[in-house]
Amino acid sequence: MSETSLQTHHRICPLCEACCGLEVQTQGDQVIRVRGHASDIFSHGYLCPKGVALKDLHEDPDRLRAPLIKRNGVFHEASWDEAFAEIERRLPPLIAQHGRNAVGVVAGNPTSHKLGLMLYYPRLLKALGTRNIFSAATLDQMPRHVVSGLLYGHWMSVPVPDIARTDWLLVLGANPVASNGSMWTVPDFRGKARAMQARGGRLIVIDPRRSETAALADEHHFIRPGADAWLLLGMLHHLFAKDLVTGGAATSLVDGLAHLKDAVQPFTPARTALRCGVPAETIQRLATELASTPRAALYGRIGTCTQRFGTLSTWLIDVLNILTGHLDQPGGTMFPKAAAFAANTQGKPGSGRGVVTGRFATRVSQAPEVMGEVPITCLAEEIETPGEGQVRALITLATNPVLSSPNGARLARALDGLEFMVSMDIYLNETTRHADVILPGPSPLEDLHYDVPYPQMSWMNHARFSAPVFARAAGQPAEWETLLRLAAIAQGLATPHDARAIDEQLFTEDVRRQFGDQAPAVLRASAGLHGPERLLDLALRHGPYQLDLARVKAAEDGLDLGPLMPRLHELLRTPTGRIDLAPSDLLAELEHARHSMQENAPSLVIIGRRDVRSNNSWMHNLPTLEKGPMRCTLLVHPNDAARHSLVAGAQARLRRPDGQGESLTVEVTITDEVMPGVVSLPHGWGHDAPGIRLTLAGRRPGVNLNALLADTERDPLSGNAVLSGIEVQLEPA
Ligand SMILES: Nc1nc2c(c(=O)[nH]1)N[C@H]1C(S)=C(S)[C@@H](COP(=O)(O)OP(=O)(O)OC[C@H]3O[C@@H](n4cnc5c(=O)[nH]c(N)nc54)[C@H](O)[C@@H]3O)O[C@H]1N2
Ligand SMILES: Nc1nc2c(c(=O)[nH]1)N[C@H]1C(S)=C(S)[C@@H](COP(=O)(O)OP(=O)(O)OC[C@H]3O[C@@H](n4cnc5c(=O)[nH]c(N)nc54)[C@H](O)[C@@H]3O)O[C@H]1N2
Ligand code: SF4
Ligand SMILES: [Mo]
């Protein structure tokens, strides 16, 4: 084949949870174009502008291609050996002197989209043995994990709407038309929602902003930010009051119904309507429709998670689905069955150990551990506060918490106070500029791909693998190799440099432990494979479909493993093999919700927003996405604009009345798409820090919403940050 012939590669997009199948056309070492892979069994050719921008990402001159080491405050390019030598020189002595908890780890969003990071990150954690583990999960979906753990016995047992068959879908606090879905892998949500509407189904959206998804909906209702729990409680009250609690697959498995019924008595729709701003008649009608539509589902996401009552709201969503007979039913919410890596397909079907939280707590704020980690909003104080267990060194993996975590400005100062910081990241950005060593990963097109978490939350069952489009540049390690080398350094191994050898040893040990007598046969079956591919092959062989990597690789369009099927009986991993509908922690939260039912709405609160051409904090440097109007503007309702003497395009100053955080100066867009009393600003902007290497993003930096938000507000059960519904003051700048 000549150097110049066109080649077509099929790739799963690693950028967001939709996991679209893409077709990448290349010529030699150039990307010619990216489009949807029409015959992909899962996404059928759908893609969004970010998928197209993979070409820009691959070509971005600012993307790091060699490690950087900081000396006297200035970054210098270094070889990989020099970078690891620097880490070996500085990290082990810190651990020796101050103990294992002196090293903190923060893992970010792209970690979950990378096979190597996902499978080898636990190796690094094990080698470090630290309790100071933080991740974007506590800025995002931790309430979902807690509820899945409490009700179904595993953090990752996440029911998703069966959109292919539902006739009524209520979406709270999610905007899948812009975000392409989350904790629900559903490429082309718009197309699937339209198909539902075409068969007579209805889409209803509850959101303080008339979002892109609300614009598509049959019905949209504003809700006071942070008040979803009261809407849902009103619905639940109505179900009990009108005897609308129906049978269904799950009801024979539930305990605690009587407790629950008692506990929701105070939450009449008349009362909860005042708190959430949705009229009582609407609350009652939605509950009746949910109960009387045979195929119906409730789905909540960022808006319902990133609030003070995040776990309570998420629990209520599941409770409503269960009590109306929709959980585990076609057209309701169902549990996907992943081909690999799903704990709910392992071990004895139908019962298990369940989950516990709070096995330890953070040193400064005593925030309980959840799912092996502690709230990211505790990171700055753990770095700043002296004493035993203080975080003195930090390893960041694919994360930019200075922009993505509340009180980013404080966190930036705290990072400067560290004795040592290593970042595995592909950019020199607002967070990694504080590092001493930056270790870049390869371009996504130089990496293989298989999704670990997302098939556990997908709209249909499937298995898809993609090979790298391009070989990695000479000397560039895969990220799993970098993680193993870091792990070996942390453990003080004598020869930490040979990632392949370390991998061999760890794999063999794991297989012997897990398979006992069968270990030799298991090892033989994976001969010739190594690294993440070998772990994937093993997981596929021992998964519920008994596949193997060769079979998945051979399916160029992906393997269709069928529609979602009822599986609650075998999926449960609770100790009782049943669902406790009324866990004591949640009944306690109901008490708190009852106490705050009378709270008055502040006159102005802020919420977030996502735009289809943006991805959290890190894709603003790509020409395809950067085009067009500025996206980091503050949406203000006309009444509020008038009240604060603001005109369209004016600059406004935002601050918190409690004096926390920093004030922001931002351009105003006046629109009635936001509810009166609510302003909306996207997160992930503010690319004006000194020393960063984001040329294009720096031309229109925007402002950092998270510099305004406080790191003191959390949902107590999950440790999730409160990012929505925070009181602000507005004035002309
Ligand atoms: N106010 C407010 N804050 C929010 C949110 C909100 O709604 N409102 N949303 C929250 C949510 S849901 C999330 S998930 C977090 C996300 O916050 P983070 O976890 O910080 O993730 P990103 O902002 O996506 O930043 C990703 C980082 O990974 C790097 N990166 C990209 N690709 C790779 C790769 O292949 N390898 C490596 N090693 N690095 C890579 C990027 O350069 C960037 O530094 O933000 C949260 N912050
Ligand atoms: N284009 C793009 N896609 C993305 C991302 C991105 O940054 N850009 N980020 C990815 C990530 S990490 C995630 S986690 C997902 C998130 O996916 P989604 O959950 O769909 O996130 P958002 O688009 O922020 O939608 C949240 C909606 O909740 C509303 N809302 C805010 N507060 C409340 C409230 O108190 N109650 C209710 N009912 N609604 C409220 C907001 O107005 C917004 O419309 O998106 C992913 N996809
Ligand atoms: S929606 Fe866009 S970013 Fe998300 S997986 Fe599909 S192409 Fe990639
Ligand atoms: Mo997220």
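Me: What should I know before I start reading?

Reply: It's a predicted model, so local features need pLDDT of at least 70 and side-chain atom pairs count only at pLDDT 80 or more, while totals for chains, interfaces and linings use all residues. Residues are numbered from 1 along each chain as its sequence is written, chains are lettered from A and ligands numbered from 1 in the order in which they are written, and side-chain values use heavy atoms, with hydrogens and water left out.

Me: How is a pair of aromatic rings described, and how many aromatic pairs are there here?

Reply: You give the distance of the centres and the angle of the planes. Rings of Phe, Tyr and Trp (its six-membered ring) pair if their centres lie within 6.5 Å; planes under 30 degrees apart are stacked, over 60 edge-to-face, and the rest tilted. That rule gives eight aromatic pairs. One of them is Trp80 with Phe84, a tilted pair at 6.0 Å centre to centre with 35° between the planes.

Me: Where do Trp80 and Phe84 lie?

Reply: Both are in helix α3 (residues 80–98), four residues apart, about one turn of the helix. Helices here are DSSP runs (H or I, at least four residues), strands are E runs of at least two, and both are numbered from the N terminus.

Me: Is Trp80 buried or exposed?

Reply: Buried means under 20% relative accessible area, exposed over 50%, and partly exposed in between (1.4 Å probe, protein chains only). Trp80 has 11%, so it's buried, and Phe84 is buried too, at 1%.

Me: What counts as a charge over a ring?

Reply: NZ of Lys or CZ of Arg has to be within 6 Å of the ring centre and within 35 degrees of the ring normal. Here the charged end of Lys192 sits over the ring of Trp459, 4.4 Å from its centre. Arg534 lies over the face of Phe507, 4.1 Å from the ring centre.

Me: Now the ligands. Which residues are closest to ligand 1?

Reply: A residue is near a molecule if one of its heavy atoms lies within 4 Å of it. By that test 28 residues surround ligand 1, the closest being Lys114, Asn400, Ser404, Asp425 and Ser617. For polar contacts with a ligand, look for N or O atoms paired within 3.5 Å. An N or O atom in the side chain of Ser404 is 2.6 Å from an oxygen atom of ligand 1, and one in the side chain of Arg610 is 3.0 Å from a nitrogen atom of ligand 1.

Me: And which come nearest to ligand 2?

Reply: Of 32 residues around ligand 2, Asp207, Asp228, Ser614, Asn616 and Ser724 come nearest. Look at the backbone here: an N or O atom of Ser614 lies 2.6 Å from a nitrogen atom of ligand 2, and a polar backbone atom of Asn616 is 2.7 Å from an oxygen atom of ligand 2. Helix α6 gives the largest share of the shell, three residues.

How values were computed: Polar contact = N/O pair within 3.5 Å; in protein donor to acceptor, adjacent residues only side chain to side chain.
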